[in-house]
Amino acid sequence: MKSHVIVFPGSNCDRDVAVAIKNISGHQPQMVWHKETSIDQSDLIVVPGGFSYGDYLRCGAMASTSPIMHDVVKKAKEGVPVLGICNGFQILIESGLLDGALMRNSSLSFICRDILIKPKNQSSVFTKNAQVAKMPIAHNEGNFFVTSQQLKKIQDNDQIAFQYCDENGNVNEHTNPNGSLENIAGILNEKKNVLGMMPHPERAAELAHGCEDGKNIFESILN
Amino acid sequence: MTNHNWQFQTEQSLVEKHGLKLDEFEKIVEGLGREPNLTELGIFSAMWNEHCSYKSSKFWLKKLPTSGKRVVQGPGENAGVIDIDDGDVAVFKMESHNHPSFLEPYQGAATGVGGILRDVFTMGARPVANLNALRFGEPNHPKTKHLLSGVVSGIGGYGNCIGVPTVGGEVNFHPSYNGNILVNAMTVGIAKKDKIFYSAAAGIGNPVVYVGSKTGRDGIHGATMASAEFDEDSEDKKPTVQVGDPFTEKLLLEACLELMKEEAIISIQDMGAAGLTSSSIEMASKGDVGLEIDLSKVPMRAKNMSAYELMLSESQERMLMVLDPSKEEMARDIFKKWDLEFEVIGKVTDTKRLILMKNSKEEASIPINILVEDAPEYQRDYIVQEPSPIKEYKPEDFDQNNLLNDLNTMIMHPDLSSRKWIWEQYDHMVMADTVVRPGSDAAVVRVHGTNKGLAMSTDCSPVYCKHNPYEGGKHAVVETWRNIIASGALPIAITDCMNFGNPEKPEIMGQFVECIRGMGDACSKLNYPVVSGNVSLYNETNGEGIYPTPAIGGVGLIQDLSNVKTLSLKEDGNFLCVVGKTANHLGISKYISIIQSKEEGGTPEINLDTELRNGNFVMDAINQKLIASAHDVGEGGILVAISEMCMSGNLGITIEIETNFPHGYFFAEDQSRYLLEVSPNNYDACQKLANNNNVHFEKIGIVGGDKISIKNIGDQHISALKRSFETGIKQISQL
C-alpha cells in the first residue's frame, strides 16, 4: 500500500490527511513537493486542501500548472486513484481532470461547519461503502457549477459522488450550504478513479474529532 | 503650539510630527552629542512611542506576578513560554491592532493576526490556535456593520489561509467603542522546551540576515500612528495601514520552522511594529552588541527608497536573524526552496551602536543604550475614582411574569447571542486537533500526536472595569480561569492586552493602575502568572476614551483529553447543580443594561478565597469523573448560562429551586459560580466533596424534555430560545 500526498506552497491540510491515512492504513504516505516531476508507483494520490499559491489568481489555477501536476494527470489517466479535497478539488478541476467549476459560496462568506453528505454513486473505489456521513466543510469557493449539458453527462454516467443532505438523506435547498448545483459536494471523473470533494473527511477521522464518518472513504480505498 | 525656547536647527514642527516632546528631543541631542538627522529622528520616534517603549505603563506592568513553576519565559521576549510537560512548551501572546482596524478593518485585523503569529513562530513554536478579543460600538451605529464584517473577514482571511485554526474569542458592543474599536489577536503555539529561539544577537562578525517579503513603503510610522488619538481627519491615516499576505507568511512559517530544526539560528526577531528599526535594535540591545546594516542590501519592492523609509516601513511577513556563518548556504537553500527573499544585510559588531550604511554613506549611528535603556519612562499622575456604588434591588421592583420574556430578549442581544455567525467564517478545525470548538467556555486543542490538550479563553468585561477598575481587572483574569477550569483543564498562565484611553489624563491612568492592581491580586491568589502582553493606549476619538479594557487570554493544560468538558447538557435525568452562592447582585448586569437600558448598580465583587476554593472543587470533581458537563456562570447570570447548556445539548430542564426573588436569582451576576451536570449516581460524592471543601453546592434542576420549565413561573421551548439566540449578531450583518 503506497500513497502520496502532494504539497504545494500554501497547502495546509497536507499533514492532516497524512495523519488520517497513517492512522487508517498503518502506512505513512509519502509527501511530494510540487516542484518534483514524478511520483513512484502509487495506490492513492491525494491533492490536499489549503490555499495553494494563496488562492490569489483563481483557486487551484496556479497549482494546476505546478511541475508535479503533469505526472498526477498522467497517473490519473492510467487509472491511479486520485483524491482531491477542498482546494485539491479546485486544483483537479483546474487541471482538467474533473468537470465543472467551483464558484464563491452563495453567502459570499467563508463557511466552516459540519454538514452531511450522501453518496450518489455507490460503486467507485471511493464510494462503494459510503453512507450518509457527517464531516466539516471549510471553504470560500465551494459552490459547484456545471453547464446543463455537462450536468446531464455526469448524471448519466453516475459521476456525482456526494450530495449535501440531512440526517435522513434528504437533498434539498435547506441542506445546501454553499449554493452548489444539485447540492453536489463531490464528483468523479468518467473512469471513476478521480474524486474531488469539498468536505474534509480527514477532519472526521478519529474519536477526538467528535465524529469518525470520514474514515469510510479512506478505508474503502486503502484496505 | 510654538515653543519660544526652541533653539535647535531641526524644525520644531518636524519633531512634533514625529510624536516627540521637547524634553524628549533634548534627551536625544544630549545622548547623541549632536542633533539627529532625519533617519535618526525617525528611529527615535519609532522606538520612543508608547507602542514600542511602554513609557507610561512599564512602571506599573512590573508589578504583575510573572513567575511560577511552569513559567519558562515571562514578559520581555516575543511571547511567553510555559511548560506543559514531556519536554513540550506552549508559547503565546495577545496583541492589539486597534487603530489600523478602525481605519481599514480587513487589513487591520488581518495584519494583526499575521503579527501575532510571527511573534509565536519566531520563538520556534508551530502556531496551533488563534483567538481574538473584539469590541465594537453600538450594534446600530452606522459604522458597526462595516467594521464587524471587515474585521471578521480579515481575521478569517489571514488565519484560514495560513492554516492555523481560529478556535475562540470574545466580542462585545458598547457605545464607548463607536469611534475606536478594539481588535486584539492571540496566538498559541507549541515547541520543544530545548528548541526555543530568542532575540539576543551574539557572535561578533556573524551575519545579520533578512528573510521574507520585500520592503515597500507601506505602514511607515504605523507604531507612531497607533500611539496617537483619533480625530475627524483620522481617515487620512489609512495609508499607514499595512497590507497582509498570509500566503507569504505561510511560506515564511514553514521555512523558519524548517531552518530551526538545524543548529543554524543564533537569534531571530520578527519585524513587527516599527519594522527593521525595532527588530534590529531589540536584537542588539538584548545581546549587548552593536549591529551594522547596509540598507542598500535590503530587498526592496519600491524604487529609490530612502534610509528613513527602509527603517520605518512596516511591510509585513519579514524576519531578521543572526546566523551561524557556516550554515549560511544551507539556510539560503531553504528560503530559496520556499521562494522567499534571503539577504545578508549586515553583521554583529562590538560597537554597541546601530550603524546604518547606504551606498557606502553612513546614514545613522546611534548608541543602542540611548534608544533602549535611556528611553523615556513616565510615572504619570493618576487619580483613582470612587467605584460606582452598589445598588440593592428588591423583588417588588420586578414582575416575575416577564422573566422568560426577559430571558428571550437578553439572549437575542448581540452581547449575549450566539457568535456562530462569526466563528463559522473562521476555519476552526484545520490541523485536525481541535477537540472543543468555539461556543463552549474554553476552546481545547490537542497537542499534536499526544493525548493531552491546551484549553484557552479570552475575556474581559469593560463595563465592570469602568465602574470599578480594581474589581474589573480581577474579573478579567478570573473569568478566563473559570472558563479553563470548566473545560476540564488546569489554568497555567495568562497574556494580557491592556487597551486604555490617553494615559496623560490622570483619571485614565487611574483606571490603568487599578486594573493592574486587580489583575495582580487575582494572578497571585490563583497562581496564574502573566507571561506576555501588550499595551495599547490613546484609544480615544475627539477626546473621548474607550472603557478600560484589559483583555486577558488564559491558557491551561489538560493532561488527559478524556477529562474534557463542554457546556452541552448530556443526559435526561441528570441533575443540574450550581456551585457558589447567589446574592442577587444585579448591578450593571446584562439584565439591567439590556432590559432596563441602564448602566448602574456597581460592579460585582470577587472574593478570591471563594474563587480559589470553588475552582479547585470543580477541577477535583472533573478529575474524579463526577461531572457530565460544566459551564461557568458569566454575564447574564444563571438563567442565561442554563439556556446555553440547554441549547447546546438540545435538552431541556426542569428548574425546581424556589426563590422569593426570581429576577435576582436568575439574572444576578454574583461571581465565582459554575453550573455542573451530575448524574444521580455521582451526586452524593459531589455533595460530599463540596462539603469537605466548604463549597456551596446545590441542586437546582433535572435535565430532560425540550423546554426550560421554572417552577411557579412557566416554561419556554428550547427551539424558540435557539431562534432568538441565533439572531443577535447575524442581525447586525443584515442591517
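# Exercises on a predicted two-chain model

In chain B of this predicted model, seven strands form an open sheet with mixed pairing, in the order 8-10-7-11-9-12-13.

**Exercise 1.** Find which strands of chain B stand at the edges of this sheet, and explain why one side of each is left without a neighbour.

*Solution.* Begin with the order of the strands, 8-10-7-11-9-12-13 in chain B. The edges are taken by strand 8 (265-270) and strand 13 (361-367) of chain B, and because each has a single partner strand, one side of each has no neighbour in the sheet.

**Exercise 2.** Determine how many bridges join strand 7 of chain B to strand 10 of chain B, and state how the two strands run.

*Solution.* Strand 7 covers residues 207-212 and strand 10 covers residues 318-323 of chain B; they run antiparallel and are joined by five bridges. To place one residue in this picture, look at V209(B), which stands opposite M321(B) in strand 10 of chain B.

**Exercise 3.** Describe how helix 7 of chain B packs against helix 10 of chain B, beginning with the angle.

*Solution.* Helix 7 (residues 105-121) and helix 10 (residues 246-260) of chain B pack at an angle of about 5°, and their axes are 11 Å apart. Angles under 35 degrees count as roughly parallel, and therefore helix 7 of chain B is roughly parallel to helix 10 of chain B. Helix 7 of chain B contributes G114(B), L117(B) and F121(B) to the contact, while helix 10 of chain B contributes P246(B), E249(B), L253(B), C256(B) and L257(B). Sorted by class, the residues of this contact are six nonpolar, one polar and one charged.

**Exercise 4.** Now describe how helix 7 of chain B meets helix 8 of chain B.

*Solution.* The axes of these two helices of chain B come within 7 Å and cross at roughly 40°, and the crossing of helix 7 past helix 8 of chain B is right-handed. Among the residues that make the contact are G114(B) and L117(B) of helix 7 and G150(B) and G154(B) of helix 8 of chain B. This contact has 11 nonpolar, nine polar and no charged residues.

**Exercise 5.** State how many residues each chain gives to the contact between chain B and chain A.

*Solution.* Chain B gives 23 residues and chain A gives 22 residues. On the side of chain B, the elements that give two or more residues are helix 8 (144-162) and helix 10 of chain B. That side has 12 nonpolar, six polar and five charged residues.

How values were computed. Residues numbered from 1 in each chain as written. Chains lettered and ligands numbered in written order. Predicted model: local features only at pLDDT ≥ 70, side-chain atom pairs only at ≥ 80, totals over all residues. Axes fitted to C-alpha atoms, helices over the stretch in contact; angles between N-to-C directions. Helix = DSSP H or I, 4+ residues; strand = E, 2+ residues; numbered from the N terminus. Parallel < 35°, antiparallel > 145°, perpendicular 65-115°, else oblique. Contact = placed C-beta atoms within 7 Å. Nonpolar A, V, L, I, M, F, W, Y, C, P; charged D, E, K, R; others polar. Pairing = 2+ DSSP bridges. Left-handed = near helix turned anticlockwise from the far one by under 90°.
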